[in-house]
Amino acid sequence: MNAPLDPSVSHAAGASAASPLPSAQWTRQAVEDLFALPFADLMFRAQQVHREHFSANQVQRSTLLSIKTGGCSEDCGYCSQAARNDTGLEKEALLEIEEVVKAAKEAKDKGASRFCMGAAWRGPKDRDLDKVTQMVKEVKALGLETCVTLGMLREGQAERLKDAGLDYYNHNLDTAPEFYGQIISTHSQADRFDTLDKVREAGIKVCCGGIVGMGESQKGRASLIAELANMCPPPESVPINNLVPIPGTPLENAAPIDPFDFVRTIAVARITMPTSYVRLSAGREVMSDELQAMCFLAGANSIFYGDKLLTTGNNEEDRDAVLFERLGIVAV
Ligand code: SAM
Ligand code: DTB
Ligand code: SF4
């Protein structure tokens with residue numbers, strides 16, 4: 001009942017840990033067909049898949065901390081932290097280990113199960129990793145799962161993170177391959193796959209998703225989801241971010257996505273990546289409780305938890321607690 005609409009071979013090349021294998025399951029057309037389903041039919045299928053693999057009433061919570069803010073060399077059109085985007089953000093140095101551990105303890109006390117540390121780098125220098133690996137060790141010792149997002153990795157860096165006890169590496173494909181060059185010019189999606197391969201080969205779990213609401217088409221969303229679903233294996237964790245429009249970035253005036261299309265994106269991610277955690281990520285702060293509930297019904301089973309993402313706001317913990325209570329959702 002939950003078989004793909006049209007499972008068939010979609011890619012002919014690229015057998016590697018994170019890039020598509022010849023046996024990849026989801027063609028773009030099959031994913032587009034999912035997006036085109038009547039809303040109720042899509043939601044029904046997503047719920048069937050979700051309930052086959054997860055409890056429909058459990059949601060995982062990850063807390064974010066920006067450990068190195070601003071001044072990034074990359075030109076990502078959505079990002080407050082790109083040096084060339086005039087967003088007024090103060091550039092900061094890498095945080096001290098004690099500050100990070102303090103924030104991780106607070107996150108744990110508030111109920112997060114994973115702590116994600118983000119750095120505004122094209123990629124880390126080896127001496128940056130000395131400090132980051134120490135952060136990973138100390139956060140892990142608190143009994144939290146660990147995640148970092150540090151940009152592109154060079155040879156040997158993923159192994160160093162794995163040895164420190166890192167559980168997840170976040171590195172997003174961000175948007176459709178055909179749209180990527182309109183959003184970012186300083187690196188390519190091929191570069192992203194290269195880092196994802198290194199992460200997989202080092203035995204670290206992959207957290208990889210994207211952003212919607214950047215002016216992409218429904219076809220674009222379908223091709224992003226197909227790329228994610230065709231990774232071999234698919235990412236364990238799939239963040240679906242709704243663009244937070246940041247004044248001073250090229251995307252500050254991007255037309256917002258129709259909320260139903262946002263929910264559709266979650267549902268299609270759930271159907272195509274049945275065993276992955278699908279995270280309702282950035283953009284929650286401006287969503288109604290009802291829209292967030294619809295995302296959980298569509299198969300989202302993870303959130304960013306805590307009143308700040310990296311540089312922008314997120315729901316207050318109390319608001320999430322009330323919402324979970326009203327919906328009978330249990331945090332895991
Ligand atoms: N520099 C690293 C990188 O690019 O992978 C790590 C940090 S970067 C801020 C992590 C992710 O945050 C991006 O890949 C993007 O998906 C997301 N992101 C950044 N700015 C955003 C925004 N304004 N709205 C939604 N998501 C955003
Ligand atoms: C992800 O996919 N979303 C998070 C996390 N991975 C690092 C970041 C969202 C950032 C939103 C904008 C900001 O706060 O700067
Ligand atoms: Fe830098 Fe990451 Fe922001 Fe791109 S998304 S500008 S790489 S911090």
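Predicted model: local features only at pLDDT ≥ 70, side-chain atom pairs only at ≥ 80, totals over all residues.
Residues are numbered from 1 along each chain as its sequence is written, chains are lettered from A and ligands numbered from 1 in the order in which they are written, and side-chain values use heavy atoms, with hydrogens and water left out.

Let me begin with the ligand. Around ligand 2 there are 13 residues, the closest being N172, N241, L310, T311 and T312, where a residue is near if one of its heavy atoms lies within 4 Å. That shell is made up of 6 nonpolar and 7 polar residues, with no charged ones.

As for polar contacts, that is, pairs of N or O atoms within 3.5 Å, the side chain of N170 places a polar atom 3.2 Å from a nitrogen of ligand 2. A polar backbone atom of L310 lies 3.0 Å from an oxygen atom of the ligand, and an N or O atom in the side chain of T312 is 2.8 Å from an oxygen atom of ligand 2. Of the 400 Å² of accessible area that ligand 2 has on its own, the protein covers 87%, as computed by the Shrake-Rupley method with a 1.4 Å probe.

Turning to the cysteines, a search of the whole structure finds 0 disulfides, taking a disulfide as a pair of cysteine sulfur atoms within 2.5 Å. C72 is buried, at a relative accessible area of 10%, and C76 also counts as buried, at 11%, the term meaning under 20% relative accessible area with a 1.4 Å probe and protein chains only.

Key. Polar contact = N/O pair within 3.5 Å; in protein donor to acceptor, adjacent residues only side chain to side chain. Nonpolar A, V, L, I, M, F, W, Y, C, P; charged D, E, K, R; others polar. Buried < 20%, exposed > 50% of the residue type's maximum accessible area, 1.4 Å probe, protein only.
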